[in-house]
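Opening my notebook on this one. I want to jot down what I looked up, entry by entry.

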Amino acid sequence: MESPVLNSPMRITMLGTMGVGKTTFLTAMYQEMGYEGRSGFYLKTDTTTDKFLTGKWNEMIETFDWPQPTPDYREFDFDLVFGTKFIKKFTFVDYRGGSLRGIETDDKQAEKLMEDIDRSDCLLILADSYFIANSHKYIATARNELQIIQSFLDKYITSHPQKYLSIGVILTKIDLVSPENYDDFRHRCFTVFKNLTTLTLNHRPRVEFSYIPISVTGYGNCAVDVTLHGNMPVVTCKLTDFPEPLFVSWPVLYSVKKSFEFRQREILALKRAINSDRTALKNRDWIDRIVAVLRGEKLTWFKDLELLEELDKLEVENRAIEDRVAHLVTEVEVLGDGWREQLHMPNGRR
């Protein structure tokens, strides 16, 4: 049976400021899930994407330097599999850094972003954990840039009352936040994303939101160097050892899990509507049935049979989704909804 959610690709759009680590995250995600796998999950892709992402990772390993940022908009197609079982097709959309600022003054960029949000099932917003934890200026800048996203989202969600959308806030460089500062870091995150949390809450359950902390390098493999450029501090992060990524599979698994859960809600609504139609058919008196036949409507029993067949199809699809979601829930069970202000913080190596 053809299923919209199982067989059609979902789209995941990734946004973030320059230098936040979008390309590095995407490279690390593919390195972990494309070769080693994560708890049984693997990514498959075409030869061109494989060469591009593998080349970026190898270059980083050889030079201990970060991959060059995305110069423009790029799309990557993947299949998510669990062992040998196909789970979901998805397209990963990577916007170049700085695109958030450009859309304020560039109508074409603004229109392009709106189109991508319209086509997306999940929006991933990347933010730098180190700067959130250590820079009040960054917090102010991040809130300003988030206002741009929120204005688009508010307009979009309001004008698409039937659309489901999940939003993941990816907190990169979580390894650079000291455990003793976790409480303060949580507070700062809730400050930065307060308006986004409120927006999500106002549109639940069609829109859901979660914090997703990740690290491309892992603990102890990256050093922070702060130098002065005139009177301004310049922060650089340098690899000091081979990276051991943490949680880089979570954003994709969270996104796919949410797409399945949203479809399950649609299935439940469809089943309720069908059962309501069946009840209405059964409650028709004999005069209504004669009038219906004279109008060319199908006989009650035949129409009821069609509705039962539709219910069976929905149930088959729901069972297939539940089978896939069971694996996803196990892997991302620690992620809470952002509107509840939950933020899982890692406790050392995983």
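Predicted model: local features only at pLDDT ≥ 70, side-chain atom pairs only at ≥ 80, totals over all residues.

I checked Ser249 first: its relative accessible area is 0%, so it is buried (buried is under 20% relative accessible area, exposed over 50%, partly exposed in between, with a 1.4 Å probe and protein chains only). Residues are numbered from 1 along each chain as its sequence is written, and side-chain values use heavy atoms, with hydrogens and water left out.

I found Ser249 in the loop between β9 (232-239) and α10 (helices are DSSP runs of H or I, at least four residues, and strands of E, at least two, numbered from the N terminus). Leaving out residues up to four places away in sequence, Ser249 touches Glu32, Met33, Arg38 and Glu331 (contact means heavy atoms within 4.5 Å).

**Helix α3**

I then went to α3, residues 47-63. Its buried residues are Thr49, Leu53, Thr54, Lys56, Trp57 and Met60. They fall within an arc of 150° seen down the axis of α3, so they line one face of the helix (the arc is that of the directions from the helix axis to the C-beta atoms). On the other side of α3, I noted Thr47, Thr48, Lys51 and Glu62 as exposed.

After α3 comes Phe64, with a positive phi near 55°.

Note on methods. Expected span 1.5 Å × (residues − 1).
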